[in-house]
Amino acid sequence: MAINKRKGFRFSNYEAPEQTPFEKLFDIFKELITHTSGDVDEALDWLRELDKEYELADENYTIDDFIEDLKAKGFLREEPKDGDGDGSGGQKADLSITAKMERIIRQAALNQIFGKIKRSGSGNHKTGLSGRGDEHMGEFREYRFGDSLERISMTESLKNAQINHGIGNFHLSEEDLVVEDTQFKAQMSTVLMIDISHSMILYGEDRITPAKKVAMALAELITTRYPKDTLEILVFGNDAWPIPIKDLPYLKVGPYHTNTVAGLQLAMDMLRRKRNTNKQIFMITDGKPSCIRLADGTYYKNSVGLDDYIVEKCYNMARQARKLHIPITTFMIAKDPYLTQFVRHFTEANKGKAFFTGLKGLGEMIFEDYEQNRRKRLKG
């Protein structure tokens, strides 16, 4: 008697993976330390408040135990207070995050924003060019005069010889040879511009933390998956200046206007020094350009509407970048109609791209655009 075996899915209630008390608190602490821009004391104060409300810890594992574990595991270090010598004298030493913790924060941002990405082993993107490149495609074609001998697939060629001539009269001819196609690997130099003007925290919305997370995730993605690419980061307010990747967790908004021109000038200067053929600028901003530095070193500022003088300078920078074959992709967080129109004109002048987005999905958009731009054909 035949037995029908039914195939299908079995559903059950979700059970969260087992976590130690340290792991549970550590996940929360990573978020808090990002929001507080690396201020350990403020992050721990928030953690204690959350513990009072949600009972995150208990008598077996307290917040103080968690802090000691953070220090023991090398995530926090104690630094003497100013004027306190070696930290003795009855005063508590200041706590700060270590380089190890900075890396953990970047990894957490990468997992949170780009969690579904599968890492490749080689760390490079493919271009649309096939030929004598250095990445195997797994596709074969017949041998052509001029093909390099090391590109000949001996296994496939011997198989062809056996099929074409048989075992008894085995020989290998030019017609039996096949070559495995390869692709060139492109390299990309990217400058990420982050607006740190005061508007990034206005209107009760924290816009700088998501921007900072995206920057950390992109930095970790490039350094681990595409190590031959380069990523440089600059911030712009009244002026523009570069910041190292390790300083991203500490990034804060300042009492600044928005000098977009200064940011673009610095970004292009950075990219001029790169030998890579593929170059691009990513700009995360939520505000209109409202400041420009004049030749005498003074600042011309206008926060009311769009100033024609400042706006025209921005358009000129967009055209200059276009002449240098540097596309600018603008991720505009604000959606005011007059700002949207400005970004569209700016993008048209550069022949670049613009995304009008809120904070949700910002990371995924930047990754997808990065991947797409990396596939561009290498120029002569």
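A salt bridge is counted where a side-chain nitrogen of Lys or Arg lies within 4 Å of a carboxyl oxygen of Asp or Glu, and one example joins the side chains of Arg319 and Glu312, at 3.4 Å from N to O. The model is predicted, so local features need pLDDT of at least 70 and side-chain atom pairs count only at pLDDT 80 or more, while totals for chains, interfaces and linings use all residues. Residues are numbered from 1 along each chain as its sequence is written, and side-chain values use heavy atoms, with hydrogens and water left out. Searching the whole structure gives 18 salt bridges.

**Pairs between helices**

- Glu31 and Lys213 form a salt bridge whose closest N and O atoms are 2.8 Å apart, and this pair links distant parts of the chain, 182 residues apart, with Glu31 in helix 1 (residues 21-35) and Lys213 in helix 6 (residues 208-225); helices are DSSP runs of H or I with at least four residues, numbered from the N terminus.
- Arg48 and Asp64 also meet through their side chains in a salt bridge, at 3.0 Å from N to O, and because Arg48 lies in helix 2 (residues 40-54) and Asp64 in helix 3 (residues 63-72), the pair ties together parts that are 16 residues apart in sequence.

**Exposure of the partners**

- Arg48 is partly exposed at 33% relative accessibility, and Asp64 is partly exposed at 46%.
- Arg319 counts as partly exposed at 37%, and Glu312 is partly exposed with a relative accessible area of 37%.

**A network**

- Salt bridges link Glu68, Lys71 and Glu78 in a network.

How values were computed: Helices (H or I, at least four residues) and strands (E, at least two) are DSSP runs, numbered from the N terminus. Buried means under 20% relative accessible area, exposed over 50%, partly exposed in between (1.4 Å probe, protein chains only).
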